[in-house]
Amino acid sequence: MYISDIKDNQLIIKPQKKFTDGKRLLRFPLVKHNISIEQLANIYNKLKLCKDVIVDGKIVLVGYEYFNLIDYFQEKVRMGCRRYNQKYTPLEKFEYHKNQFKKPYTYKNVMDQIFKFKLCSELDPHIVITIINSREILGQKIEIKRFLDMSIGRGSQLMACMMKDIEYVGTDPCEAAFPHTQMIEKYCRYMGSTSAVQLFKCGFETNWPWDGRKFDVMFSSPPYFDVEIYEDNETQSIAKNKTVDEWLDNFLFVCMNKIITMIHSGGLIMMNIDNPTNGHYDYVGPLIKKKFEGADYIGSIFIRKGFNIHTWKVN
Ligand SMILES: C[S@@+](CC[C@H](N)C(=O)[O-])C[C@H]1O[C@@H](n2cnc3c(N)ncnc32)[C@H](O)[C@@H]1O
């Protein structure tokens with residue numbers, strides 16, 4: 001059985017769908033059809049207790065295993081995202097190539113082959129929990145009680161904040177992801193979270209209703225210019241900005257200036273953002289060189305090769 005909805009804090013469940021009839025691949029092997037509701041709850045409880053730490057600007061894993069927890073809710077959305085150097089999304093590629101998959105058609109073997117398709121990124125919630133648990137980040141003392149997320153994305157920040165009962169406010173215009181993000185909120189509620197949560201389906205740069213109360217941190221995976229195409233929608237940050245320079249000036253720098261006004265003095269702005277590894281674009285260089293009034297760049301936290309969290313302290 002898998003969770004198809006949650007109403008009045010009750011799980012609405014449906015039978016899991018088979019991804020193979022034994023001889024043929026029928027459909028994409030979504031995680032939600034491959035783990036039970038009990039396994040999901042165990043994974044949730046395990047992740048909540050994550051003990052990873054930041055040492056010398058690096059995330060150090062303490063007994064961590066990769067769990068696919070966000071994928072349970074968001075996998076179809078992520079697999080429907082296209083990387084900038086790919087013609088098709090992973091879901092489309094699967095449909096076109098499923099006759100070429102090598103046997104045996106076990107979940108793991110099929111997934112290993114799917115992982116060779118270029119997938120869009122997904123921040124794991126354990127990184128966010130590690131940030132929330134930290135009392136000092138890049139030399140700055142911090143206690144996170146109110147959390148701002150300019151791009152909700154797949155909802156890793158939302159889930160981690162709800163696990164830790166932290167207040168969370170997030171924006172993201174992605175139509176396809178929003179119902180799944182709401183499911184994450186409902187699930188965390190079902191698992192006992194008491195977090196105050198506000199989700200806004202809109203661009204961060206737009207005039208959404210902020211109540212004026214300041215945040216301790218803004219930690220987000222913002223869009224990476226056109227490196228990942230989430231959906232063809234004019235609300236996406238790239239729709240109106242066709243070059244990196246336009247996108248920086250009209251979107252990312254505008255968001256940075258807005259965020260600075262929303263964070264307490266001594267609070268942090270943490271951007272999980274990197275250039276594509278083939279050197280095609282450089283938006284991180286101009287971002288970290290730019291002098292923002294009211295915030296200073298204090299360095300980056302290394303997650304793994306090609307994944308860094310660039311950080312500013314608000315004055
Ligand atoms: C890099 S992705 C997030 C994926 C990420 N790796 C994660 O783990 O969640 C960036 C997100 O920015 C969102 N986005 C696009 N335009 C935006 C805008 N104007 N304001 C805020 N978010 C926007 C996209 O819809 C997408 O969900």
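Which residues is Val 217 in contact with, leaving aside its neighbours within four places in sequence? They are Ile 142, Ile 144, Phe 147, Leu 148, Gly 267, Leu 268 and Met 270. Contact here means that two C-beta atoms, placed from the backbone, lie within 7 Å.

Before going on, this is a predicted model, where local features need pLDDT of at least 70, side-chain atom pairs count only at pLDDT 80 or more, and totals for chains, interfaces and linings use all residues. Residues are numbered from 1 along each chain as its sequence is written.

Val 217 belongs to the largest nonpolar core, which has 60 residues. A nonpolar core is a set of buried Ala, Val, Leu, Ile, Met, Phe, Trp, Tyr and Cys residues joined through C-beta atoms within 7 Å; buried means 20 or more other C-beta atoms within 10 Å of a residue's own. Phe 147, Met 159, Val 217, Met 218, Ile 269 and Met 270 touch the most other members. The core draws at least three residues from each of domain 1 (2-50 + 65-114) and domain 2 (125-314), with bounds from an automatic or database domain assignment.

A second, separate core has 6 residues, including Cys 120 and Cys 174.

Cys 174 also comes up at the ligand. Of the 24 residues around the ligand (C-beta atom, placed from the backbone, within 6 Å), Leu 123, Ser 151, Gly 153, Cys 174 and Gly 203 come nearest.

Last, the strands, which are DSSP runs of E, at least two residues, numbered from the N terminus. Strand β14 (residues 295-304) runs antiparallel to β15, joined by 8 bridges; pairing takes at least two. The two form a hairpin with 2 residues between them, and Gly 306 in the turn has a positive phi of about 85°.

Terms used. Helix = DSSP H or I, 4+ residues; strand = E, 2+ residues; numbered from the N terminus. Buried ≥ 20, exposed ≤ 12 C-beta atoms within 10 Å, placed from the backbone.
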